[in-house]
Amino acid sequence: MVAQRNTERTSNSTKHHILKSQLATILIILALLIVFFAIGSEGFFTIKNCYNILQQIAVIGIITVAQTFVIITGGIDLSQGAVIGLTTVITAMCMVDFGLSIPIAILLGLLVGVIIGVLNGLLIAYLGLPAFIATLGSMSVTEAIALLVKGGKDIYNLPQGISEFAQQGIGNVIPNIAIIMIIIAFVMHIFLKHTCFGRYIYAVGSNEQSARFSGVKTKSVLFRTYVLAGFLCGIAGIIMMCRMSGGVAIAGKGYQMNSISAVVIGGGSLFGGEGSITGAMVGAFIMTILANGLQIMGVSSYWQQLITGIVLVGAVLMDTMRRKKNLN
Amino acid sequence: MKKLVSMISMLLVGSLLFTGCSTSSNATTEQSVETSDGTLVTNNKDGVVIKFIAMSTASVYWSSLRAGAEAAAEEFGDEWGGITIQFDAPESDTDMAKQIDLINNSVSAGVDGLLVAPSSPTVPHGAIVDAIESGVFVICVDQYLDPMDANAFFGTNGVQACKDLAEYMVENVLDGEESTGKYGSLVYNMTSLASIDRYDGFVEGMEAFAPQMESVGYEITDSDIAETQSIVANMIQANTDLKILFANNDRSALGTLNALKQEGSLDIKMCCVDVNLELLQAMRQGIVQACALQMPYNQGYEGVKMLLALMNGEEVPKESDSGSFILTQDNMDTNEAVAAIRQYIEGYEPDDSKN
C-alpha cells in the first residue's frame, strides 16, 4: 500500500518534471528566437512590433487554449477554423442584416461556437466517434453552412466601433484583443490546474477506463470539454470578425493546424493525458514570433514554411526523446 | 540528455542563421524629407526596398507580376542605389487576415513601398492606412481597396474585360443575337471582388448580346484543376444544351479544358481569363476560343514605377486601368497578341504553342 502510494507519487513528480523540462526548453528556444531576430533586424525589437505580434497571436492564442483542453483528453478538434468562419458570418449578419445590437449579436455568435461544441461533444463523448473523424465531419458541415448562409459573399459595413476595438489597445502597448486572450489563458490555466474538472480532464486523457472505474463521469467530462472548446472558438471568431471588420465565411480556415502545433510544442501529447496551457501559449508565441521575425527579415515565404516545419519537428523531437529517456 | 537538448537547440538556431545569410538586405538609413505641402518623402538613394504582397503563393499570375516588378527594379536600380523587391503572400487567398499581418510586419521591417494585391477589398484597409501613415507608399494592384485609401490603384477592369469576352464569343463563335442554348461558369471563388467582377461582367455581356441564352449558374473551383475537371464533367452530363463554358482564371480553365477533352465534348466552346502554354496549344486546336488577358507584368512594372514616383514626391493617378486584351485563334500570332502573352510567359514565341 505504502509502496504503491510512493510509486504513484514518484510517477506524478516525474510527469511534473517532464513537463517542467519541456517548458524550460521551449522558453529557451523562445528567448533565442527573440535575441536572434532582435539582432537580425532593426524593426523587430520595437514597441510597435510587439503590439503587432500581440495582435497577430490573439485569435490563434485563444483557439490554442481550446485545443489544449481537447488534446489533453486524447482528442483533437479539427473544426476550429470552420467555427471561426461561421461565427464571423453569423455575428456580422445579426448586426448588418438584422440590425441587432452589438452585445446581442456577439451572444448569438458565441452560441454558434457552443452549438458546434455540443455537436462535437455528442458525437465523441456519447456516440463514441473518434475525435479526428467527428471534428473533420463537423468542420465540413460548419464550413458549408458558413458559405450557404450568404452564398459565400462577405458581410461588411459593420458598426464603426468594431474595427476600432480590434485596432486599439492600452497605451499602444497591449492591444485589446490580446488582453482578452491573456485573460482567457490565465483563467483557463487556473481552471485546468486547480479545479476538479481540470483533474478529470487529465484523468480521462491518461486512461479513460481507469478514470471511469475511479468514478469519474468520463462521458460528461468529454462532452463538457468540447462544449468549452467550442465556446472559446466562438470568442476567437468574434475577435477575428473585429480584426477583419466583416463576416467572412472562410476566415480562419486551417487555423487548427497552428493550434495543434502550439499545443504539441508546449509538451502536449496527442495520445492524451499531458499538456499545459502555459506550454501551449509559449508554443503559440514561438510560432507567431517565428513568422513575424522571418517576415521582417525579408525571408521568402517558402523558406518561412520550411523553417516553421523544422522548428515544430525539432521541438517535438526533443520532447519525445526526453520522455523516452525518462521512461528508461 | 542536456547535451543533446542543447545540440538540437543550436541546430534549430543554426537553421535560422543559415536563412539569415540568404535574406535580402533591408533598407538601411532613410532620410525623410518634408516637401512643401508637409508630406514626408523618402529621399533614399542608399537603396530602396519594395515588398509585393500577393493574394496567395498559389497562382502563377503573381510570378508574372513579380517578374515585371523585378524588371523595373533592375532598370531603375542605379538611380536609387539598388531596388530590392521582396515577395510574400498567404498560402491561400482565403487567409485574408494573414495579409493584414504581412502588411504590418512590412512596416516594422522598414520597407519603403508596398505593392499589395488585396484578397478582399476591405479586410486590409486598416493595415494599409496605417502603413501610409507610417510613411510607406502603398499601391494596390489587381484588386482595388474599398474605400480606395491606398496611394493608387492599378489593375484590370475585370467587368469590362469579361463583357468584351462574352461579346466576342456571341458574335464570332455563336449566332449573335439569335443564339440559343445554355452557358456555364467556373469561378475560382465568390469571395474576392476580382473573381466576382469577372463573373458579373461575363454574365452581363451574355445577357446583353445573347438575350435568348440561359445561364446554368456558376460552380466554385478553388483554383483546383482536378476538382474543376470533375465539376465540369458533371455540368456537361447535367445540361444537354450547353454551348459555352467560361472559366475565370487559369487553373479553372485548365480543369475545364481537361474535362472537355476527357468527355470528348468538343462542340462546347470555352473561354477564359488569363493564359498559359497549355491553353495556347488548346487554342490552336480550336478547343479554347478566346482568353481575356490581363497585364500582370505591366502591373508589376508600372506599380514599381509609380512607387518610385511617389518616393520622389511626384503625383500619380489615383486609379488607372492596366488594360486587357481579348486573345483569339485569329489574332494569336499578331505582334500585339504576342506582347500580351509575354505578360504571362516571358520570352514567348508563337512556335512555343505549336505542337
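Gly113(B) stands opposite Phe137(B), which sits in S6(B). That pair belongs to a predicted model, where local features need pLDDT of at least 70, side-chain atom pairs count only at pLDDT 80 or more, and totals for chains, interfaces and linings use all residues. Residues are numbered from 1 along each chain as its sequence is written, with chains lettered from A and ligands numbered from 1 in the order in which they are written.

Strand S5 (residues 113–116) of chain B runs parallel to strand S6 (residues 137–141) of chain B, and four bridges join them. Strands and helices here are DSSP runs numbered from the N terminus (H or I, at least four residues, for helices; E, at least two, for strands), and two strands pair if DSSP finds at least two bridges between them. Zoom out and you get an open sheet of six strands in chain B, paired in parallel in the order S4-S3-S5-S6-S7-S13. S4 and strand S13 (319–321) of chain B are its edges, each pairing on one side only.

Helix H2 (residues 60–80) of chain B lies across strand S3 (48–53), S4, S5 and S6 of chain B, at about 155° to S4(B). For that angle, axes are lines fitted to C-alpha atoms, for helices over the stretch in contact, and angles run from 0 to 180 degrees between N-to-C directions.

## An antiparallel pair

Strand S12 (residues 288–293) of chain B pairs with S14(B) in the antiparallel sense, over four bridges.

## Where the chains meet

The contact takes 39 residues from chain B and 49 residues from chain A. Two residues are in contact if their C-beta atoms, placed from the backbone, lie within 7 Å. On chain B's side, H1(B) gives the largest share, with 11 residues.

## A look at chain A

Chain A has 13 helices and two strands. Its radius of gyration, taken over C-alpha atoms, is 20 Å, close to the 20 Å from the globule rule (2.2 Å times the number of residues to the power 0.38) for 328 residues, so chain A is as compact as a globular protein of that length. Of those 328 residues, 54% count as buried.

Note on methods. A residue is buried if 20 or more other C-beta atoms lie within 10 Å of its own, exposed if 12 or fewer, and partly exposed in between; C-beta atoms are placed from the backbone.
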